[in-house]
Amino acid sequence: MAKLLRLSRNVLRAAANPSIRRQLSTVSGGQTAGTAAAASGDHVKWDYRGQRMVIPLGQWIPKVAVDAYVAPNVVLAGQVAVQDGASVWSGSVLRGDLNKITVGFCSNVQERCVLHAAWSSPTGLPADTNIERFVTIGAYTILRSCTVEPECIIGQHSVLMEGSLVETHSILEAGSVVPPGRRIPTGELWAGNPARFVRPLSHDEIKEIPKLAVAVNDLSRSHFSEFLPYSTVYLEVEKMKKAFNIPL
């Protein structure tokens, strides 16, 4: 945090220098940063939105547990909660602008998944996207207004549509598509597009489901120590800009 603040102060000092401001105000192609900026003289347009991992929407602010791992290039927007021991891996987007998204205890959302929610569900069930405890969501999966009960595995490249329900101790094979309102019963393996019943799961297979979630959680510990948690340092920088009377 201290290093980021020192870097921000250096940038502000440089921006206060008119000659450097003229250089910063020039963009590629020889164009200036907007006609309004040109009319008012040298001007630096500050915009920190592209750097923000956590995006508040109105009164809704994403909540991340202290011991949850969220990769630095993940985007959390609006009504999103990442609970204790959960992990969200690189490139995923959780967009809670219309309804809630919850990643439960010791669950994991792997690389480049997209989670969002609709205003309402066709089945009359809650339209939020709810991932309960010890769930593994494979990479490149799309979840929309669905519920995944505890101890399930969703294979990579799967799609769960509005109102779908995956009951506890179930597995979806990679590339499965669950249509709106479809229920995957407990203790079963489903696969295909649309997803169809394959066979019941054995007792040993069911016991391995939470072990996979715990293994991913253990792996996330080594990643967690490599990154600082997200911060609101950009707000401090904006306060400093106002103090230096630098246009926003």
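Trainee: How do E16 and E19 pair, and over how many bridges?

Mentor: E16 and strand E19 (residues 188–191) run parallel, joined over two bridges. Strands here are DSSP runs of at least two residues, and helices (H or I) of at least four, numbered from the N terminus; two strands pair if DSSP finds at least two bridges between them. It's a predicted model, so local features need pLDDT of at least 70 and side-chain atom pairs pLDDT 80 or more, while totals for chains, interfaces and linings use all residues. Residues are numbered from 1 along each chain as its sequence is written, and side-chain values use heavy atoms, without hydrogens or water.

Trainee: Which residue stands opposite Trp 190 in E19?

Mentor: Leu 172.

Trainee: And what's the strand order in the open sheet?

Mentor: E3-E5-E7-E10-E13-E16-E19-E20, eight strands with mixed pairing. E3 and strand E20 (196–200) are the edges, each pairing on one side only.

Trainee: Switching to H4: which of its residues are buried?

Mentor: Ile 206, Ile 209, Pro 210, Ala 213, Val 216, Asn 217 and Ser 220. Buried means under 20% relative accessible area, exposed over 50%, partly exposed in between (1.4 Å probe, protein chains only).

Trainee: Which strands do those buried residues pack against?

Mentor: Strands E3 (69–70), E5 (87–88), E7 (108–109), E10 (136–137), E13 (153–154) and E16 (171–172). Contact there means heavy atoms within 4.5 Å.

Trainee: Last one: is Val 114 buried or partly exposed?

Mentor: Partly exposed, because its relative accessibility is 33%. Val 114 sits in strand E8 (residues 114–116).
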